[in-house]
Amino acid sequence: MHNIHDSEENYLEAIVVLEREVGVVRSIDVANHLDLSRASVSNAMKKLEQEGHVTMQEDGSLTLSTSGRAIGEEIDLRHRTLKDWFLHVGVSPEVAEDDACKVEHAISAETFTCLRAYFDNNIRESKK
């Protein structure tokens, strides 16, 4: 999928989610969201900045580059779709959340596209 690690995808996804929820995102927000230390997130943000996915502003806020946003939004979409799918088939909310976090990184683009199309055309339509 991408040439980055699952943990880096998690950071980018977290920034996308936090932007949607709170607007301006700082490293401490990401640390709290992912339940990680500030030092771990700070190191990851430096690496993501070197790779061109994130920019750390002088005020401490984080800005996603085009590539960082694309990856973060893709992982977020996978997460939400997989979680919805798992909930639909009867998985408990806690397990659905945990499993979506794991599967979002491993599932192929082809399989995800087919699952999403099936879900959108058959399940979401029936809920209307």
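At which residue does H5 bend, and by about how many degrees? Helix H5 bends by about 25 degrees at Ala 100, where the bend is the angle between axes fitted to the seven residues ending at a residue and the seven starting there. This tour begins at that place.

The structure is a predicted model, in which local features need pLDDT of at least 70, side-chain atom pairs count only at pLDDT 80 or more, and totals for chains, interfaces and linings use all residues. Residues are numbered from 1 along each chain as its sequence is written, and side-chain values use heavy atoms, with hydrogens and water left out.

**Colour by confidence.** The mean pLDDT of the protein (the predictor's confidence in each residue, from 0 to 100) is 92, and 95% of the residues reach 70 or more. Confidence is highest in strand E2 (residues 62–64), at 97, and lowest in helix H6 (residues 109–124), at a mean of 88. Helices (H or I, at least four residues) and strands (E, at least two) are DSSP runs, numbered from the N terminus.

**Select H5, residues 93–106.** The 14 residues of H5 should span 20 Å at 1.5 Å a residue, and the end C-alpha atoms of H5 are 20 Å apart, which agrees. The expected span is 1.5 Å times one less than the number of residues. Ala 96, Ala 100, Glu 104 and His 105 are buried in H5; buried means under 20% relative accessible area, exposed over 50%, and partly exposed in between (1.4 Å probe, protein chains only).

**Next, select H4, residues 66–88.** H4 has 23 residues and reaches 33 Å from its first C-alpha to its last, close to the 33 Å expected. Its buried residues include Gly 68, Ile 71, Asp 76, Arg 78 and Phe 86. Arg 69, also in H4, is partly exposed, with a relative accessible area of 28%. Display Ile 15 together with Arg 69: the two are 54 residues apart in sequence and 8.7 Å apart in space, C-alpha to C-alpha. Just after H4, Gly 90 takes a positive phi of about 105 degrees.

**Move to the loop between H2 and helix H3 (38–50), and select Asp 35.** Is Asp 35 buried or exposed? Asp 35 is exposed, with a relative accessible area of 71%. Its phi is near 55 degrees, a positive value in a residue other than glycine. Most residues other than glycine have a negative phi.

**Continue into H3 and select Ser 42.** Ser 42 is partly exposed, with a relative accessible area of 25%. Ser 42 and Ser 27 are 15 residues apart in sequence and 6.5 Å apart in space, C-alpha to C-alpha.

**Finish at the largest pocket.** The largest pocket has a volume of about 260 Å³. Of the 14 residues that line this pocket, the closest to its centre are Glu 13, His 33, Leu 34, Glu 97 and Cys 101. On a 1 Å grid over the protein atoms alone, a pocket is an open set of points where a 1.4 Å probe fits, with protein on both sides within 12 Å along at least five of seven lines; lining residues have an atom within 4 Å of a point. A volume is the space filled by probe spheres set on the points. H1 gives the most to the lining, with six residues.
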